[in-house]
Amino acid sequence: MRCSQCQQADTKVIESRDVADGEAVRRRRVCTNCQYRFTTYERVERPQLAVIKNNGTRELFSREKLLAGLYRACEKTPVTSLQLDKLVADIEHELYACGDPEVSSQKIGSMVMERLAQLNEVAYVRFASVYRRFTNIAGFEKELSHIRQRNKI
Ligand SMILES: [Zn+2]
């Protein structure tokens with residue numbers, strides 16, 4: 001793996017660990033030339049999954065895009081990137097287990113919200129506000145009481 005800083009080809013793995021329930025390996029690497037440290041992930045290659053968006057168009061499922069949305073929702077919350085990695089891996093696992101080559105963005109959104117509700121209330125509400133496009137405070141409050149009730153169980 002080439003160093004992304006100095007482009008030298010020789011880098012050394014200093015730490016490897018299973019993440020996302022063993023679905024991926026995370027490696028910390030150090031460049032033997034400039035000592036730059038970076039992280040790589042290794043995961044099983046899967047067939048492409050199409051996401052049907054609300055307006056009916058299709059796009060390829062992108063874990064990076066999903067993660068980016070989650071990072072935004074979890075900004076300044078105690079949710080860690082490892083937790084988000086696991087959340088996305090869980091969802092991917094479930095999606096691929098269905099064997100369906102297409103899935104609606106709505107379904108993915110619900111799957112995310114279900115899991116996010118258990119991780120962090122603020123992140124959940126932020127994600128929900130983008131995803132469900134609440135138009136008023138009442139919608140927000142309804143959603144909040146819904147999740148509070150569920151977390152009590
Ligand atoms: Zn380097």
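**Zinc site**

I started with the angles at the zinc ion: the four donor atoms subtend 106 to 116 degrees, so the arrangement is tetrahedral (four donors, all angles between 85 and 135 degrees). For four tetrahedral donors the ideal is 109.5 degrees.

A note on what I'm looking at: this is a predicted model, where local features need pLDDT of at least 70, side-chain atom pairs count only at pLDDT 80 or more, and totals for chains, interfaces and linings use all residues. Residues are numbered from 1 along each chain as its sequence is written, and side-chain values use heavy atoms, with hydrogens and water left out.

Next I looked up the ligands: Cys3, Cys6, Cys31 and Cys34 each coordinate zinc through SG, at 2.2 to 2.4 Å (donors are N, O and S atoms within 2.8 Å of the metal, or 3.2 Å for Na, K and Ca). Their spacing along the chain reads C-x2-C-x24-C-x2-C. Cysteine 6, in the segment before S1, and cysteine 31, in strand S2, are 25 residues apart.

Cysteine 31 is buried at 0% relative accessible area, while cysteine 6 is partly exposed at 30% (buried is under 20%, exposed over 50%, partly exposed in between, with a 1.4 Å probe and protein chains only).

**Sheet**

I traced an open antiparallel sheet of three strands, ordered S1-S2-S3 (strands are DSSP E runs of at least two residues; pairing takes at least two bridges). S1 (11-19) and S3 (37-43) are the edges with a single partner strand each, so one side of each has no neighbour in the sheet.

S2 (residues 24-31) pairs with S3 over seven bridges. There I found valine 30 opposite arginine 37 of S3.

Notes
Helix = DSSP H or I, 4+ residues; strand = E, 2+ residues; numbered from the N terminus. Tetrahedral: all angles 85-135°; square planar, octahedral: opposite > 155°, others 65-115°.
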